[in-house]
Amino acid sequence: GPRAAIYEYLSFSGQYRLQTGAPEHRTATSVVLRAQDLDEQADYGAIFDNWDRDNNGMLDRQDVATNAYSIGFDPELFFVG
């Protein structure tokens, strides 16, 4: 199929993995496929550990507030009620 041809004839240098499913966009002259950039994968465990400043395994209000403020967000945006 078309995905096999793309993998075979184009060089993605192992950086991208094509997503399965319908193309994002299709015209008479082009097909746009969704791909995952493997170099840009987030390590959510490391992010959580970094935000869990008191190392209790949970993100409490103080953890969220401290980290939200450090990246320039108003901590109240993260709290409901």
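The questions below go from the overall fold to single residues.

Biologist: What kind of model is this, and what pattern does the protein chain follow along the sequence?
Modeller: This is a predicted model. The protein chain has three helices and four strands. Read along the sequence, the pattern is α-β-β-β-β-α-α.

Biologist: What share of the residues is buried?
Modeller: Buried means under 20% relative accessible area. The protein chain has 81 residues, and the buried share of them is 12%.

Biologist: Among contacts with a separation of 6 or more, what share comes from residues 24 or more positions apart?
Modeller: Take the contacts in the protein chain with a separation of 6 or more. Residues 24 or more positions apart account for 6%.

Biologist: Where is A35, and how far in space is its C-alpha from that of L18?
Modeller: A35 is found in strand β4, residues 35-37. Leaving out residues up to four places away in sequence, A35 touches Y16, R17, L18 and Q19. A35 and L18 are 17 residues apart in sequence. C-alpha to C-alpha, their distance is 4.2 Å.

Biologist: Is A35 buried, partly exposed or exposed?
Modeller: The relative accessible area of A35 is 38%. Buried needs under 20% and exposed needs over 50%. A35 therefore counts as partly exposed.

Biologist: And N67: buried or exposed?
Modeller: N67 is found in helix α3, residues 61-70. Not counting residues up to four places away in sequence, N67 touches N50, W51 and R53. Its relative accessible area is 2%, so N67 is buried.

Biologist: How many aromatic pairs are there, and why is the pair of F73 and F78 stacked or edge-to-face?
Modeller: The count comes to one aromatic pair. The ring centres of F73 and F78 are 6.1 Å apart, with the planes at 90°. Planes over 60 degrees apart count as edge-to-face. The pair is therefore edge-to-face.

Biologist: What are the relative accessible areas of F73 and F78?
Modeller: F73 is partly exposed, at 42%. F78 is also partly exposed, and its value is 41%.

Biologist: Which ring does the charged end of R61 sit over?
Modeller: The charged end of R61 lies 3.9 Å from the centre of that ring. The ring belongs to F79.

Conventions. Residues numbered from 1 in each chain as written. Predicted model: local features only at pLDDT ≥ 70, side-chain atom pairs only at ≥ 80, totals over all residues. Heavy atoms only, no water. Helix = DSSP H or I, 4+ residues; strand = E, 2+ residues; numbered from the N terminus. Buried < 20%, exposed > 50% of the residue type's maximum accessible area, 1.4 Å probe, protein only. Contact = heavy atoms within 4.5 Å. Phe/Tyr/Trp six-rings, centres within 6.5 Å; stacked < 30°, edge-to-face > 60°. Lys NZ or Arg CZ within 6 Å of the ring centre and 35° of its normal.
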